[in-house]
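Please look through the sequence and the model below before reading on.

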Amino acid sequence: MGADAGRLANHVIVAGGQASLTSNKVLNSAEVWSPDKDKWERLPPMRHARAGARGFVLPGGRFAVVGGMGLAEDGRNIELRRDTEVYDVDSNAWSMLPDDCANCRSEFMQLPAKQLGNHRARHVP
């Protein structure tokens with residue numbers, strides 16, 4: 001729930017999301033589906049858990065995950081993430097872009113984590 005995906009070469013990458021409709025657990029997991037093997041495989045986890053992020057395929061075998069919502073440092077509230085992580089196929093690793101996205105938006109408003117569950121806030125374009 002709330003994960004994003006992109007097609008990279010002949011594979012599909014899915015990153016982040018929410019554990020379930022009723023859970024406040026935001027995920028940092030990532031997986032890749034290989035049509036040649038017809039199976040999903042785990043990738044290294046992202047550095048930050050995020051739901052409602054946007055994924056983009058970049059040149060050179062890279063996949064970027066931008067923004068989204070993650071658990072705040074207080075462990076109770078959900079906050080807007082303004083950072084970007086990039087997965088590199090060749091190194092099989094995630095890295096952070098050096099600057100935050102000043103105008104990132106998410107499909108979730110800031111809500112207490114226990115309310116995130118099945119509630120979606122208005123979309124902010």
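A residue is called buried if its relative accessible area is under 20%, exposed if that area is over 50%, and partly exposed in between. The model shown here is a predicted one, and this definition can be applied to it at once, since both Tyr-87 and Trp-94 are buried.

**An aromatic pair and the core around it**

The structure holds one aromatic pair. Its members are Tyr-87 and Trp-94, whose ring centres lie 5.4 Å from each other and whose planes make an angle of 50°, an arrangement described as tilted.

Which residues make up the largest nonpolar core? There are eleven of them, and Tyr-87 and Trp-94 belong to the set together with Ile-13, Ala-15, Ala-30, Val-32, Leu-43, Met-46, Ala-53, Phe-63 and Val-65. Two or more residues of this core come from each of the strands β2 (11–15), β3 (30–34) and β6 (62–66). In soluble globular proteins, nonpolar side chains tend to be buried together.

**A hairpin that reaches the core**

Strand β6, which contributes to the core, also pairs with strand β5 (residues 54–58), and the two run in the antiparallel sense with five bridges between them. Within this pairing, Val-65 of β6 has Gly-55 standing opposite, and Val-65 is also one of the core residues. The two strands form a hairpin with three residues between them, and Gly-60 in that turn has a positive phi of about 80°.

**Charged side chains that are buried**

Arg-81 is placed in the loop between β8 (78–80) and β9 (84–88), and Asp-83 is found in that loop as well. Are these two residues buried or exposed? Arg-81 has a relative accessibility of 14%, and because this is under 20% it counts as buried; Asp-83 has a relative accessibility of 9%, so it is buried too. The side chain of Asp-83 makes polar contacts with the side chains of two arginines, listed here with their distances.

| Side chain | Partner side chain | Distance |
|---|---|---|
| Asp-83 | Arg-81 | 2.5 Å |
| Asp-83 | Arg-50 | 2.8 Å |

Most residues other than glycine have a negative phi. Asp-38 has a positive value, near 55°, and Asn-92, which is not a glycine either, has a positive phi of about 55°. Asp-38 is found in the loop between β3 and β4 (39–42), whereas Asn-92 lies in the loop between β9 and β10 (93–96). With a relative accessible area of 59%, Asp-38 is exposed, because that value is over 50%. Asn-92, at 39% relative accessibility, counts as partly exposed.

**The chain as a whole**

How many helices and strands are there in the protein chain? There are one helix and ten strands, and read along the sequence they follow the pattern β-β-β-β-β-β-β-β-β-β-α. Of the 125 residues in the chain, 37% are buried. The accessible surface comes to about 7,200 Å², and carbon and sulfur atoms hold 50% of that area.

Key: Residues numbered from 1 in each chain as written. Predicted model: local features only at pLDDT ≥ 70, side-chain atom pairs only at ≥ 80, totals over all residues. Heavy atoms only, no water. Helix = DSSP H or I, 4+ residues; strand = E, 2+ residues; numbered from the N terminus. Buried < 20%, exposed > 50% of the residue type's maximum accessible area, 1.4 Å probe, protein only. Areas by Shrake-Rupley, 256 points an atom, 1.4 Å probe, with all protein chains shown as cover. Phe/Tyr/Trp six-rings, centres within 6.5 Å; stacked < 30°, edge-to-face > 60°. Core = buried A, V, L, I, M, F, W, Y, C linked by side-chain atoms within 4.5 Å. Pairing = 2+ DSSP bridges. Polar contact = N/O pair within 3.5 Å; in protein donor to acceptor, adjacent residues only side chain to side chain.
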